[in-house]
Amino acid sequence: MSNSSAPIDVQIWSDVQCPWCYIGKRKFEAAVAEFQQHGGDVKVTYRSFELAPDTPVDFEGSPIDYLSQRKGISPEQAQQMVDRVSSIAASVGLEYHYDRIHQTNTVLAHELLHFAKVHGKQVELKERLLRAYFTEGRHIGRADELAELAGEVGLDRDAAAQALAEHTHLPEVKADMAQAVAYGIQGVPFFVIESKYGISGAQESATFLAALQQAAGERDTVGADAS
């Protein structure tokens, strides 16, 4: 693997209220850490995917109510789903507190992630939003709360608030969603490596690592052929 090659490009479609996206993020990060130990590098860009764009900002009810209604299952079955995903989250070091979660619409959060991308803080904000939603019970559907979270990762709070008020980055959110449709993405997380490999779901770290190594190996082969 050549150290001089550019970082492997990884585009990740995900939603900030998707429990598997946070789990997948941790498993992917473990793969990246190992990949970097062997001289590789990765550049991550987060892309917008709204799992439930019809959800109101202030959903009346609990996440259990939401899951039960959306999936047409009993509250007991919804609770079992939540317990299972919380257990898997714990296995990768995450704390999910579904009793605190505010089910909401995530379009503003996605707009803010594009704002953060422009200012070089997208990766930091993505982590902050996920922790705020799943662990801390923050309301990530409201512009004022989002601006506060932006400030917490070093972004200009007032500029973030203005971008949200004016929906400056809504076109980018819509473009990401359109690209997801073009790729045939129906669920997230979805990882696109070097614009040619697609990995769906919160796979094990070894799967992500193998894909990164394959992409790097093919790039080196192409480079050797061209030289």
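Helices (H or I, at least four residues) and strands (E, at least two) are DSSP runs, numbered from the N terminus. The structure described here is a predicted model, in which local features need pLDDT of at least 70 and side-chain atom pairs count only at pLDDT 80 or more, while totals for chains, interfaces and linings use all residues. Residues are numbered from 1 along each chain as its sequence is written, and side-chain values use heavy atoms, with hydrogens and water left out.

## Two backbone features

Pro189 is placed in the loop between helix 8 (170–183) and strand 3 (190–193). The peptide bond that leads from Val188 to Pro189 is cis, and its omega is near 10 degrees. Another loop, between helix 7 (157–165) and helix 8, holds His167. Although His167 is not a glycine, it has a positive phi of about 50 degrees.

## Packing of the helices

Two packed helices are described by the angle between their axes and the distance between the axes. Axes are lines fitted to C-alpha atoms, for helices over the stretch in contact, and angles run from 0 to 180 degrees between N-to-C directions.

| Helix pair | Axes come within | Crossing angle |
|---|---|---|
| Helix 1 (residues 19–37) and helix 5 (residues 122–134) | 11 Å | roughly 135 degrees |
| Helix 2 and helix 3 | 8 Å | roughly 115 degrees |
| Helix 4 (residues 107–118) and helix 6 (residues 143–152) | 10 Å | roughly 30 degrees |

Angles under 35 degrees count as roughly parallel, over 145 as roughly antiparallel, 65 to 115 as roughly perpendicular and the rest as oblique. A crossing is left-handed if the near helix is turned anticlockwise from the far one by less than a right angle, and right-handed if clockwise. Contact means heavy atoms within 4.5 Å. For residue classes, Ala, Val, Leu, Ile, Met, Phe, Trp, Tyr, Cys and Pro count as nonpolar, Asp, Glu, Lys and Arg as charged, and the others, Gly among them, as polar.

The axes of helix 1 and helix 5 cross at roughly 135 degrees, and the two helices are therefore oblique to each other. Their crossing is left-handed. Helix 1 contributes Pro19, Tyr22, Lys25, Arg26 and Glu29 to the contact, and helix 5 contributes Lys126, Glu127, Leu130, Arg131 and Phe134. By class, this contact of helix 1 with helix 5 has four nonpolar, no polar and six charged residues.

For helix 2 and helix 3, the axes cross at roughly 115 degrees, which makes helix 2 roughly perpendicular to helix 3. The crossing of helix 2 and helix 3 is right-handed. Ile64, Leu67, Ser68 and Lys71 of helix 2 meet Pro75, Ala78, Gln79, Met81 and Val82 of helix 3 in the contact. The residues of this contact of helix 2 with helix 3 comprise six nonpolar, two polar and one charged.

With a crossing at roughly 30 degrees, helix 4 and helix 6 are therefore roughly parallel to each other. The crossing of helix 4 and helix 6 is right-handed. Leu108, Ala109 and Leu112 of helix 4 make the contact with Ala143, Leu146 and Ala150 of helix 6. The contact of helix 4 with helix 6 has six nonpolar residues, no polar and no charged.

## Cavity and pockets

On a 1 Å grid over the protein atoms alone, a cavity is a set of points where a 1.4 Å probe fits but cannot get out, and a pocket is an open set with protein on both sides within 12 Å along at least five of seven lines; lining residues have an atom within 4 Å of a point. Grid points are joined across faces, edges and corners, and a volume is the space filled by probe spheres set on the points.

A search of the whole structure finds one cavity of 30 Å³ or more. The largest cavity has a volume of about 40 Å³, and its lining includes Lys25, Lys126 and Leu130. Helix 1 gives the most to this lining of the largest cavity, with three residues.

The largest pocket has a volume of about 560 Å³. Its lining has 22 residues, and Gln17, Pro19, Leu51, Leu67 and Lys71 lie nearest the centre of the largest pocket. Helix 2 (63–71) and helix 3 (75–91) are among the helices that each supply at least two residues of this lining. The largest share, five residues, comes from helix 2. By class, the lining of the largest pocket has 16 nonpolar, three polar and three charged residues.

The second largest pocket holds about 190 Å³ of space. Lys25 and Glu29 are among the residues that line the second largest pocket, and helix 1 provides the largest share of that lining, six residues.
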